[in-house]
Amino acid sequence: MHQETVLLCWKSNEELFYDYCEGTKPLIKSYNTHNGDKKVFMDSAMNPQISPQGNYMVLLKISSLNKSDRTIDELQLVDVSKKEKITKVNGSKKIFWHDDLLFVKNMDEAVIEVLDCKAGGKKIKSIPMADMPVEIKVSNNNVKIKSYKFNEGMITLNEVDEALK
């Protein structure tokens, strides 16, 4: 038996995005709550995470659920209205949004990358962070990141304050 995780995300109060599968081919579908219309938003994709204003989405672009058939496996930032890739995202699937800023944990480099979606996903800041973040808040061009560290049976809360620019 396999654990199943399905991600849902809302665009305003009208459109729901969700994972769907046809055989081993993953899809992201959308459902319009006003008229009941269901349609494929993007082929070969799963795990939709939409920005607060609904303009951008981070998703996992994946050609097949079957590892032996897989040719694509990457996190992407997508323009929702154009259904087009803006850029590849280097990081984990746990992301945070603030307006049109995307915060993603880059596991290889132990940093939080801050991407400006309006500027084509351009990286505007790298914040050193070895731990996995659990909360990110932005206020007055300053970012506060909370993370937990597990060490020798102890859990400690870490907080980082950093200027965005």
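Here is a short chat about a few terms used for this predicted model.

The model is predicted, so local features need pLDDT of at least 70, side-chain atom pairs count only at pLDDT 80 or more, and totals for chains, interfaces and linings use all residues. Residues are numbered from 1 along each chain as its sequence is written, and side-chain values use heavy atoms, with hydrogens and water left out.

Me: Why is K82 called exposed?
Reply: Exposed means over 50% relative accessible area (buried is under 20%, partly exposed in between, with a 1.4 Å probe and protein chains only). K82 has 55%, so it counts as exposed. You'll find K82 in the loop between β7 (73-79) and β8 (84-89).

Me: And what makes D116 buried?
Reply: Its relative accessible area is 19%, so D116 is buried. D116 sits in strand β11 (residues 111-116); a strand is a DSSP run of E, at least two residues, numbered from the N terminus.

Me: How do you know that the D116 side chain makes a polar contact with K118?
Reply: A polar contact is a pair of N or O atoms within 3.5 Å, where one must be able to donate a hydrogen and the other to accept it; residues adjacent in sequence count only if both atoms are side-chain atoms. The D116 side chain reaches the backbone nitrogen of K118 at 3.1 Å.

Me: What makes β9 and β10 a pair?
Reply: Two strands pair if DSSP finds at least two bridges between them. β9 and β10 (residues 101-106) have four, in the antiparallel sense. F96 has F103 in β10 as its bridge partner.
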